[in-house]
Amino acid sequence: MMVLEFVIWGAWLPLIFSYLPTLGFSALQRTLILNAFPVAALTAMFFSNQFADRNFAAEKFLAFSQFVGGLAMVGLAFTRDFWTFFVLMLIHCLLYVPTLSIVNSIAFANLKDSKDFGLIRMGGTIGWVLAAWPLYFVLTDAASMRWTYLISGIASLALAGFSLTLPHTPPKKAVAQEDKFAWVEAVRLLKQPFVFVLWVVTFVDAFVLNAYFNWAGMFLGSPDVGIATNRIMPIMSIGQVAEILTMVILGITLKKLGWRLTMMLGIFGHVIRFTVFALFPKATSLIILVFVLHGICYAFFFAAVYIFVDEYFPKDVRASAQGLFNVMILGLGVIAANTICPAMTDAYTAKGATDFKSLFMISAGVALAATMTLGLFFHPPTLKKAVET
C-alpha cells in the first residue's frame, strides 16, 4: 500500500517543473498548476481528512479517491491545454492528498505494535525511488515526460483495486467537544518564542526545499550540466535512498547533538547543495554526489520537527500542533515557492538560457539566513519545563 501510494506522487513531481514550460504555459499558469497540491494539502488539514475519517471506511475511501484521481492523472498525460490540465491536476490533488493520512490510519489500525509503523512508512520512500527507475527506459525528450503521468495514473488505479483487499477499517467516531478547540490551543503555543521561531523557520525551509524541486530537474537537463532526460529522475532518487539511511541515524544524532544543532545541519545541507550547484555546474560527479544531502536536509530538519512537536507539545493538542506545522511544510511554504520560483525562472532566463548560478546563490542565502536564525533564536526549554508550560 505504501509503495504504491508514493509511486503515485514520486512519478510526476520531480519533472513537472521541467515539463510545464514545454507546454507553453506562462509563469502564472505554472504557478496555478503547481499550487494545486499545497492548496489540496491545506483543504485536507482543515476539512477533507476529518470528513473522510468520520464518514467512510478508510479502505473504501482510498479505493474511490485513487480510482478517480488515477483517471485524472492518466488524462494529464494527453493534455496540452492549460485549463484542462489545471482542472485535472486539481481533481487529482484534492482526492490524493487526504489519502496520505488515510493510508497511515489503515496501517495504525491494523498493526499489532505501532512501533512497526516506521518499517511500513519506509515503503513510501522505497516507492518514491521505484517511481524514478522505469522512466530511465522511456524518457528520451521533453515530450516523453508525459510518461510520468501515465505511470502515476496506472499506480493510482492499481492502488484503487488493491485497496479493496485491505482489512476493513471503519470510520472513526466524532471527537469529543473539547478536542474541537485543540487547534486554538495549538495556535496559542505560538506565543512561546521558541515555538514561533521554529514555526517561521519551518516555513522558510519548506520554501527552500521546494525551490530545490522547482529547479533541480531543469538544472540537471541544462546545457551546463548536460544530464540526459532519462537519467534525471534516477539521479534525484539518490536523495530518497540517502533519506532512508539518514532516518536510521536520526535518533542517535538528536541525542548527541540536540534539537537545535541537528535542525541547523538539516537546513545548512541546502546551503552546501545550492552552492555546489551554483559554483561547480561542470563537475558532473560532484553534482550527482551532492544529491545525497537530500537525506540530511529532510530527516535532520523536517523529521526532527515532527519528533520535536510530538515530545514538546501537550498530548491533548499534539495532533493539531502537527497540523499547525504541516500548514507550513505542505501548504504555505510550498505555495510560496511555487508562486515565486516560476516567476524567478522567467526573470533569470534570457535567449533560452537560465542563470541557475544566481537562482541557486539566492536560495543558498535564504537557507543560510534560516540556519542563523535558528542558531540565534531557537532556545527550547528542558522537556520537563515545556510540558509544565
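**Helix packing and the nonpolar core**

I'll start with a helix pair. The axes of helix 9 and helix 13, the latter covering residues 293-312, approach within 12 Å and cross at roughly 150 degrees. Over 145 degrees counts as roughly antiparallel, and helix 9 and helix 13 are therefore roughly antiparallel to each other. Please keep in mind that this is a predicted model. On the helix 9 side, the contact involves Phe194, Leu198, Val201, Thr202, Asp205, Ala206, Leu209, Tyr212 and Phe213. Helix 13 contributes His294, Phe301, Phe302, Val305, Phe308 and Tyr312. The crossing of these two helices is left-handed.

Next, the core. The largest nonpolar core contains 128 residues, and Ile16, Phe85, Met89, Tyr149 and Met263 have the most contacts inside it. Helix 9, residues 193-221, supplies the largest share of this core, with 18 residues.

What does Tyr149 touch, leaving aside its neighbours within four places in sequence? Its contacts are Trp12, Ile16, Tyr19, Met73, Val74, Leu76, Ala77, Phe85 and Met89.

Met73 and Leu76 are also among the buried residues of helix 4, including Phe61, Leu62, Gly69 and Gly70. Helix 4 runs over residues 58-76 and spans 26 Å between its first and last C-alpha, close to the expected 27 Å.

One more pair to finish. Helix 10, residues 229-236, and helix 11, residues 238-279, have axes that come within 4 Å and cross at roughly 10 degrees. That makes helix 10 roughly parallel to helix 11. Pro234, Ile235 and Met236 of helix 10 make the contact with Ile238, Gly239 and Gln240 of helix 11.

Notes. Residues are numbered from 1 along each chain as its sequence is written. This is a predicted model: local features need pLDDT of at least 70, side-chain atom pairs count only at pLDDT 80 or more; totals for chains, interfaces and linings use all residues. Side-chain values use heavy atoms; hydrogens and water are left out. A nonpolar core is a set of buried Ala, Val, Leu, Ile, Met, Phe, Trp, Tyr and Cys residues joined through side-chain atoms within 4.5 Å. Buried means under 20% relative accessible area, exposed over 50%, partly exposed in between (1.4 Å probe, protein chains only). Contact means heavy atoms within 4.5 Å. The expected span of a helix is 1.5 Å times one less than its number of residues. Axes are lines fitted to C-alpha atoms, for helices over the stretch in contact, and angles run from 0 to 180 degrees between N-to-C directions. Angles under 35 degrees count as roughly parallel, over 145 as roughly antiparallel, 65 to 115 as roughly perpendicular and the rest as oblique. A crossing is left-handed if the near helix is turned anticlockwise from the far one by less than a right angle, and right-handed if clockwise.
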